[in-house]
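Here is a short report on one protein chain. Keep the structure in view as you read. Each section takes up one part of the fold.

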Amino acid sequence: MVLPVPKSTQQKLEGLRRVVDISPPATVLKQYLKGEPLQVLSGSQNKLFKHAVVVCVFRKWLDQVPQSLMEIGITTFDRLAFEKKFTSPGAHGENFFKLIWSMHVRLHKSAHLPQSDGAKPDQFHFGTTIFSTEEQARHMLDDIWQQPMSEEEPKRGFRAIIYLSFGNNDSLGMTRPNLDFNPSSMKTTIATMNVQNICHQAGTTSHQDASVEYLLNVFDIKTYDLWNTGNAATYITYAAFLSVLRKDLYFDAKTNPKAKPGKFGQSAKKDSMEVMRCLAEWPTPPPPFGCEKFCTLCKSCDHTPLECPKVSLTCKKCEASFMFWRQVNAPSHSSKQCIFANK
Ligand SMILES: [Zn+2]
Ligand SMILES: [Zn+2]
């Protein structure tokens with residue numbers, strides 16, 4: 001549910017958004033992660049900036065009409081929580097990554113649809129996949145975008161949100177089904193940043209449209225099951241953080257002027273892929289809603305379709321469809337659940 005933002009907070013956040021907007025995204029993210037003030041901001045604006053939360057959202061839709069929203073990958077990062085726990089970023093920024101909350105949400109309505117990009121929805125490596133209704137997912141996104149400055153003093157309003165997206169994913173959300181939720185137009189969003197631009201500005205790549213694999217390869221990181229949106233959101237966040245922190249993590253004027261990972265200091269003693277393996281085992285809590293199992297046939301949260309007692313259910317519309325993939329997919333759902341209006 002969208003809550004009213006106190007007027008005074010709203011004005012402050014609007015002021016913050018206007019000033020942040022004229023700063024290069026790579027600089028904004030770097031200053032935020034380092035806990036340093038952003039020069040163009042006033043003292044009180046910098047306080048709000050320090051309380052900001054970084055959120056990355058990556059969505060996937062069916063690539064055919066009705067282009068149903070299928071799943072959402074979300075990460076959140078709170079710099080203040082990092083400050084309480086760590087004093088340094090670690091050899092490859094892993095102390096930042098340990099505090100990234102990664103989530104993978106699949107929607108009940110579209111969980112039976114096949115993924116044409118070959119992604120494996122059951123291979124989320126950084127947390128727990130949950131199945132949720134559209135209402136639950138929307139509710140959670142509202143909660144993420146409305147984090148109180150203080151639980152005790154609700155009058156202080158909400159924390160600012162720095163929203164990370166990748167490529168055209170945000171603009172696709174403007175024209176496709178999106179739970180009626182546009183992250184960039186939420187009142188608490190002070191910046192909408194495309195991670196491809198951040199990496200380009202930070203000098204990780206000379207291209208404006210580099211892929212996630214390419215960007216992480218610069219840091220000797222190989223991606224696994226990237227097109228599972230939960231993994232995608234996590235890898236995108238890593239690429240953004242590593243790009244803006246690169247000099248701080250790896251640069252040395254004499255021995256490593258190009259700031260290559262693994263050549264100097266702490267990073268030379270620790271393999272970045274080993275760090276990735278540890279992060280995949282790092283405990284991250286599941287989202288506080290939805291269910292971990294879901295049967296697309298009978299909508300039960302107690303079992304998977306393979307364990308369903310109603311195995312005889314099948315979608316008659318898809319079974320009779322002239323599209324081969326729909327015929328193959330017909331046994332995954334009932335006619336009642338079908339998203340297609342026709343055969
Ligand atoms: Zn069932
Ligand atoms: Zn169907």
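Predicted model: local features only at pLDDT ≥ 70, side-chain atom pairs only at ≥ 80, totals over all residues.

## A residue in a loop

In which loop is the place of Ala259? Ala259 is in the loop between α10 and α11 (265–268).

Is Ala259 buried, exposed or partly exposed? A residue needs 20 or more other C-beta atoms within 10 Å to count as buried, and 12 or fewer to count as exposed. Ala259 has 18 C-beta neighbours inside 10 Å, so Ala259 counts as partly exposed.

Look next at what surrounds Ala259. Neighbours within four places in sequence are left aside here. Ala259 is then in contact with Arg246, Lys247, Tyr250 and Phe251. Asp248 is eleven residues away from Ala259 along the chain. The C-alpha atoms of Ala259 and Asp248 are separated by 8.7 Å.

How many strands form the open sheet, and in what order? There are six, in the order β4-β3-β2-β1-β5-β6. The pairing is mixed. β4 and β6 (189–194) are the edge strands, and each pairs on one side only. From one strand to the next, the twist averages 25°.

Strands of a sheet pair through backbone hydrogen bonds, either parallel or antiparallel. Now follow the pairs. β2 and β3 are antiparallel, with six bridges. β3 and β4 (residues 129–132) are parallel, with four bridges. β1 and β5 (residues 161–165) are parallel too, and four bridges join them. In that last pair, Val55 stands opposite Tyr163 in β5.

Val105 shows how β3 links to the strands beside it. Val105 in β3 is the bridge partner of Ile72. Val105 also stands opposite Ile130 in β4.

A helix lies across this part of the sheet. Helix α6 (residues 134–145) lies across β1, β2, β3, β4 and β5. α6 runs at about 155° to β3.

Helix α2 (residues 25–34) meets α10. Their axes come within 9 Å and cross at roughly 85°. That angle makes α2 roughly perpendicular to α10.

Which residues of the two helices meet? From α2 come Ala26, Leu29, Lys30 and Leu33. From α10 come Ala240, Phe241, Val244 and Leu245. By class, this contact of α2 with α10 has seven nonpolar residues, one charged residue and no polar ones.

## Loops and backbone angles

The loops hold some backbone details. Start with Pro66, in the loop between β1 (53–61) and β2 (69–78). The peptide bond from Val65 to Pro66 is cis. Its omega is near 15°.

Next comes the loop between α9 (212–217) and α10 (229–250), where Asp220 has its place. Phi of Asp220 is near 60°, a positive value in a residue other than glycine. Asp225 is in the loop between α9 and α10 as well. Asp225 is not a glycine either, yet its phi is positive, about 45°.

One more loop residue is Gln115, between β3 and β4. Gln115 has 16 C-beta neighbours inside 10 Å, so Gln115 counts as partly exposed. Leu62 is 53 residues away from Gln115 along the chain. The C-alpha atoms of Gln115 and Leu62 are separated by 7.5 Å.

Key:
Residues numbered from 1 in each chain as written. Chains lettered and ligands numbered in written order. Contact = placed C-beta atoms within 7 Å. Pairing = 2+ DSSP bridges. Axes fitted to C-alpha atoms, helices over the stretch in contact; angles between N-to-C directions. Parallel < 35°, antiparallel > 145°, perpendicular 65-115°, else oblique. Nonpolar A, V, L, I, M, F, W, Y, C, P; charged D, E, K, R; others polar.
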